Each structure stands twice: as structure tokens, then as C-alpha cells.
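Trainee: I would like to learn how to read a model of this kind with care, one feature at a time. Could we go through it together?

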Amino acid sequence: MSTQTTPEARAQEWRGRFPTVNYLNADYGIKSWLLTKDHKRIGILYLISVTFFFAIGGAYAAAIRLELLTPLGDLMQSHTYNKVFTHHGIMMVFFFLIPSIPTTLGNFLVPMMIGAKDLAFPRINLLSWYIYMVGGALTFAALLFGGVDTGWTFYVPYSTNFSNTYVTLAGLGIFINGFSSILTGLNFIVTVHTMRAPGMTWFRLPLFIWSHYATSLVMILGTPVIAITILLLALERVAHVGIFDPALGGDPVLFQHMFWFYSHPAVYIMVLPGMGVISEIVATHTRKPIFGYSFVAFSSLAIAVFGFLVWGHHLFVSSQSVYAGMIFSLISFVVAIPSAVKVFNWTATMYKGSLSYDTPMLYAYAFIGLFTIGGMTGLFLAALGLDIHVHDTYFVVAHFHYVMVGGQVLAFLGGLHNWWPKMTGRMYPEGWARFAALVIFVGFNLTFFPQFLLGYMGMPRRYHAYPPGEPMWQVLHVMSTGGASILGIGLLIPGVYFIWSMRYGRFAPANPWPATGLEWRTPSPPPTENFAVTPVVTWEAYEYRPVEEMEVVGPGAPDAPAGGQHPANRGVETEEQP
Amino acid sequence: MSEHIVPRSTYYLVFGALIVLTAVTVAAANFDFGPMNDVVAMTIAVTKMMLVLLFFMHVRYSSRLIWVIVASMFFWLIILLLLTLTDYASRDWFGANVGGIMSR
């Protein structure tokens, strides 16, 4: 970096580039990992376990798409198919989508972004990982013993009175896993309240922190309800306590109310952290402050609050009162407002920005477009009349996959690429990464866009066969299965090059993008205590300078001096690898 | 965290009150209060909950920030109950329970 030539700056740059002791090599051995209280190591533990469950869920997805390649149920029996889509849903929702970003990127970055040494309760943080693993192991055991066939929603009366599969064991695993969520949320809230560095005021917090704060609120307020609901389900199944069974004086629709009181906000647990990631990426890779910072910050809280008021839109055809349906429909439309605030503000941020085509930004572009499609089709489903037509069809499946995969998973991948240099101290191969992002984008759309058409034509979800007489249906299903294959390959590529880069990747400077966040003002990978000296924040969030200005006057004070390299100058430092 | 030292006698008193209220719950189950059944049961339950919250969980001695957080939890509970009741209260407004299987 030629703009800073003082000896001190050079020394700092050197230290930033080749840290001697960091959190990865501070201690060795399996015990140092399994008993660690370092939030960064726990983040890595979570990353490994979350990836494992994602792979399991992905394998079931492959089985589903393979079955639907042909109209007749010729690959597996209907009962097996019921188990396969149930396992896919349970693994993906409870053990990948909900924990993925908060427990990996969130664990790693929340303390660093606010200038803290660790989370407020490091032991509880480790405990949450163990709880997650126990819950995951129990549910996984239920799958191995013979599985569950209720769908991930566990609707009564089938799950209580009829299913003879491992409902209780799988439910127990999810029940236990909930505590992991609660502890993570609690940890984040206390950390953000009490451990911000001097000068890090609430409105200087990165939007990643705001979105994680909102997510944590949902985790703490919502998760106990699903825990109790599953407990009641198990009680009714095992001990025939009359909560949901009309014969015992219960009401099956009550289950749906209680289930969706958590599970709809859970959608926001999944996507809010992704939105935080996208805010960071968009600001960094357009070199502009986020347009309307406070609106984006409060829209996270608004989504968290409104998210709790809309669950009834899952019950439009479940004999719920039409008057309640009207209220829920109206509030569901309202949720679109804070979501749109985010999309418009990211777009406005990009306007006249120095747009980059680095991999994280590619994922951000994809997120904004795909989330918009996912969100807009959500409005179709929130409309009382139209929902009758598309309820429980592939339209719904396509809708939530656009939000979950097109939104959350792409944000997770974008965030992984953006902070991979910080987490591992190595750069990922940019060319391969851009290629993989493109493959994933194409594969994703080819998988799920045909499902909108299928659903609108009447293909129900959770069916393993469809009429062979409908020629268009099979064409669309073949497209979807083909797309899923491309998507699967696209997801394998980052898996390979991430592992490759840990050994062979280019050394990452302290601040490769360069970004203004505190996490970039410490070496890559960071030392165990994160910062040698507690940082003092004297600038607003995202005080970026445009590229042209930066080339003349340097990245500027907040643009992290240590080893800062703009993509344009990136070639300069590659020859300095040892 | 400022620790408030609560005399042991308070805990014994609260424990005793909880046991008594449990007995009252069981006793009340033997009488039919008609439409007041739910009200009686809920009153006893809420009283017990408040005793646990205020004394065992130390909310009574905690800062106002904690009170705000506890209040927000109640607000959330009210959302759960109120919006669920919009369904149950208005299900029969059409008279014939349109589309519904439940007519309780």
C-alpha cells in the first residue's frame, strides 16, 4: 500500500499481514477446541456442525427431486417419500437455517464488530453449541432409527394419534435444540447492551449488529412457545392429555396457532441475519454509507415485531375464523413495508456507488433480486382469496425457497466469502468463487422458478406422484430436478475451495476490501483477545470514501489503515507471500 | 450485578404460599363454578406465577430495565392469547361455523 509510508504504518501493516499468534494457533489439540470459550472458535465449531446438517438436508432434497423426475412414484413408496421430505424440512429448518448465520458469522463477528473481547457469557456460548449437538444427535438418531413422516410442521391429529414413527424423539431433539437458540440470543442481547467499545454508540453500530439484535429478540420471545408446543404434542401422544384432540376436549387448530406463533417469526430468525450480512456487503463493496441507516436499523426491529403478528396466514384454510383471517392477512401485508425499506435502501446505496463484482457482492446482488421475488410472492399468499387457490401447492414451496435459499443461504455464502479472510487468514480463489456464485444462481432459479408455475397449475406439495397426462408438469419437474443438480454442484465448489484455501490460499491482509468495521482493524486471523488495545470509535458507521477519492487521499481514517488494499491494488501485494 | 440478600424466611413463606395455592387449585377443581371455572383457575395460576417471578426470580429487587423486559414478555404473551382469541371468538359469527369443523 503506497499511500501510507510511515514506518509505524508499515510495521502495523506487517503485523496485520503476518500475525504470529492468533486464535487458531494459540492452542493446539482437540481438547483446546472442545473446551474453548473463545467466541471465534465456537463460531468455527458451529460452522462445521451446521455444514454437516446442511449436507444431510441436501441429500434428502436430492432424493425428493429425483423422485419427482418422473410422474409415477417409482423411486420410493409414498410412505418413504413422506419421511424424506420431513427429514429434509426438519434438518434444514431447525438445524441449518435457524442457527446458521447467528451461530457462525454472528458468534464470530458480534464481539469483534462492537470492539469487545468476547461475548458476555463465553461458557454459555459453548454450552449452546453442546445443546445444539445433543439436540441434533437426538433428531438425527430419530431419522436413522426409522424416521418421521409428519412433515416438519408436526400437524396434529396425524402426529399425535396416527403416525407410528419417531415423532417424540425427533420432537425431543428440536425441543432441546431450542435452548441453544435461546442462549445464543440472550448472549447477543447482553453483549450488545453492555460490551460496546468506547464511542460505539447505538447508531454507530454496524447494521449486522442491529439485525442480530432483532433476531435475538425473536429467538428469546418465540422459541419457548415452540418448545412448549412440542412438549404438549409429546404429552398428548404419550399420555393422551387432551390439548389438541377434540375427543379429549382439545382443538387441533390450537396446535397450528401455537406452532406458527414461533415458526413464522422463525422465518425472520432465518432471514434477518442474512439482511444484516447484505447490509455490510453492500456498503463495503459499493464504498458508500448505507442509505437511510436508521431506517434500515429500525426496519429490522419492525420485522421482528410484525413477524409475531402474522402467523394466522398459515391457517387460512384450516377452519380459522374468516374474521381472524382478515386481520392476519392485513398485518401480513404490513410486513412487506420494512422488508421493502431494506431492499429500496440497498438499491439506493448502490446508486452512484463504486460497484464491485467481488464474490460477496455477487451474492448480495442475487439476494436482493431473489428476496424481492420471494417477498412479493409472499404477498400473493397473504391475500385471503388467492391463498385458497395456491395453498399447500408448489407455489408455496417455491415462495419460501426463494426466501430461504435465495435469501438466507445466499447471504450466508456471501458472508462466508466476505469474512473468510478474517476467519482463516487466507483469501479464497476469486475466480472460482465468482464461477460458483454464478452456477448457484443459475441452478437455484432453474430449480425453483418452475415450481411457481407448477404450483399455480395445481401441483400439491408433499406428493410423490403427479398425473402423467399433464405433459407440462413433467417438463417443469425435469427442469427443477436439472436445476437442483446444478445447484448441488454449485454448492460443492465453495466447499472444495474453502478447504483448499485454508492451506494454499493467498495470505489475507488485515483488511482486504478495505472496510470500516472494527473487525477489520485487527490482524487476520485475529488474536484470541481480538484487539491488542480496546478500540475507541470516533467515526460513524460506514464512513466510506469512493474509489477515486481513496486513490488520491488514501482510504481515510476509518478505512482501517492496517494492510488496507482496494481490489484495484490487489495485485501489488501478492508477490509478498512468504 | 447487584446482589440483593433476601432473608430465608421470605423464601419459606413464598414456598408455603405456593403449596397452599396448589392445594387450592386441586380443591377448586372439585367445584363447578360454571363460566367462572377458567377465571378461578387462571387467578390462582397467575398469583402463583407472580410469586415465583417477584421473589424467586428476584424481579422485585431488580432494576427498571429488568421490569421493562419482563413487561415486554407479558406483552408478547398477550399477543399470543389475543390474536389466537380473535379466531376462537369470531369463528361462529356466520352462525353455521363456515368451513369449520369445530363448533365448541
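Trainee: What is the domain assignment of chain B?

Mentor: Domain bounds come from an automatic or database domain assignment. For chain B the assignment gives domain 1 (1-61) and domain 2 (63-92), and the C-alpha centres of these two domains of chain B lie 20 Å apart.

Trainee: What is the mean pLDDT of chain B, and where in the chain is the pLDDT below 50?

Mentor: The pLDDT is the predictor's confidence in each residue, from 0 to 100. Chain B has a mean of 85, with 87% of its residues at 70 or more. Over residues 98-104 of chain B the pLDDT is below 50, and this stretch has ten contacts in the model beyond near neighbours in sequence, a contact being a pair of residues whose C-beta atoms, placed from the backbone, lie within 7 Å. Where pLDDT is low, the predicted coordinates should not be read in detail. For the model, the scores are ipTM 0.81 and pTM 0.89.

Trainee: How many residues does the contact take from chain A and from chain B?

Mentor: The contact takes 17 residues from chain A and 15 residues from chain B. On the side of chain A that touches chain B, α8 (207-239), α9 (252-286) and α11 (322-350) of chain A each supply at least two residues, and α11(A) gives the most, with four residues. By class, that side of chain A has eleven nonpolar, five polar and one charged residues, where Ala, Val, Leu, Ile, Met, Phe, Trp, Tyr, Cys and Pro count as nonpolar, Asp, Glu, Lys and Arg as charged, and the others, Gly among them, as polar.

Trainee: How many residues of α12(A) are buried?

Mentor: A residue is buried if 20 or more other C-beta atoms lie within 10 Å of its own, exposed if 12 or fewer, and partly exposed in between, with C-beta atoms placed from the backbone. In α12(A), 17 of the 24 residues are buried, so this helix is largely enclosed by the rest of the structure. Helix α12 (residues 359-382) of chain A reaches 34 Å from its first C-alpha to its last, close to the 34 Å expected at 1.5 Å a residue, the expected span being 1.5 Å times one less than the number of residues. In chain B, by the burial count, buried residues make up 3% of the 104 residues.

Trainee: Which residues touch the most other members of the largest nonpolar core?

Mentor: A nonpolar core is a set of buried Ala, Val, Leu, Ile, Met, Phe, Trp, Tyr and Cys residues joined through C-beta atoms within 7 Å. Of the 161 residues in the largest one, A:I209, A:I278, A:Y363, A:A364 and A:F367 touch the most other members. Leaving out residues up to four places away in sequence, A:F367 touches A:G274, A:I278, A:G407, A:L410, A:A411 and A:G414.

Trainee: Which peptide bonds are cis, and which residues other than glycine have a positive phi?

Mentor: Most residues other than glycine have a negative phi, and most peptide bonds are trans. Here a cis peptide bond joins A:W513 and A:P514, with omega about -20 degrees, and another joins A:S524 and A:P525, with omega about -15 degrees. Both A:P514 and A:P525 are found in the loop between α16 and α17 of chain A. A:N530, in the loop between α16 and α17 of chain A, has a phi near 70 degrees and is buried, with 21 other C-beta atoms within 10 Å. A:F154 has a phi near 55 degrees, lies in the loop between α5 (122-145) and α6 (158-162) of chain A, and counts as buried with 26 C-beta neighbours inside 10 Å.

Note on methods:
Residues numbered from 1 in each chain as written. Chains lettered and ligands numbered in written order. Predicted model: local features only at pLDDT ≥ 70, side-chain atom pairs only at ≥ 80, totals over all residues. Contact = placed C-beta atoms within 7 Å.
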